[in-house]
Amino acid sequence: MPGHETTRDEYLQAAREMADAGRHTLARLLAEEAAERTADPAAAARILASFPGLSLRSED
């Protein structure tokens, strides 16, 4: 949908779907996006803990 910004909950749902499908690296990347959209650091940490793995993101 044009102009739609993906929400934290949409990223989390996609992360769960990818984890269920065995695509754990993609699930982790989606969880990282969800965590970035979370204002509460403790909640962000819980999101990342739910999808373990190393980040494959590159920082500029």
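Tutor: Start with the ground rules. This is a predicted model, where local features need pLDDT of at least 70, side-chain atom pairs count only at pLDDT 80 or more, and totals for chains, interfaces and linings use all residues. Residues are numbered from 1 along each chain as its sequence is written, and side-chain values use heavy atoms, leaving out hydrogens and water.

Student: How many salt bridges does a search of the whole structure find?

Tutor: Side chains of opposite charge can pair when their charged atoms come close. The criterion is a side-chain nitrogen of Lys or Arg within 4 Å of a carboxyl oxygen of Asp or Glu. The search finds three. Arg8 pairs with Asp9, closest N and O atoms 3.0 Å apart. Arg37 and Glu33 meet at 2.6 Å, N to O.

Student: Are Glu32 and Arg28 buried or exposed?

Tutor: Relative accessible area decides: buried is under 20%, exposed over 50%, partly exposed in between (1.4 Å probe, protein chains only). Glu32 and Arg28 are both buried. Arg8 is partly exposed at 32%, and Asp9 is partly exposed at 47%.

Student: Which residues make the contact of α2 with α3?

Tutor: Helices are DSSP runs (H or I, at least four residues), numbered from the N terminus. The axes of α2 and α3 (residues 41-50) come within 9 Å and cross at roughly 175°. Axes are lines fitted to C-alpha atoms over the stretch in contact, with angles from 0 to 180 degrees between N-to-C directions. Contact means heavy atoms within 4.5 Å. Arg28, Ala31, Glu32, Ala34 and Ala35 of α2 meet Ala44, Ile47 and Leu48 of α3.

Methods. Helix = DSSP H or I, 4+ residues; strand = E, 2+ residues; numbered from the N terminus.
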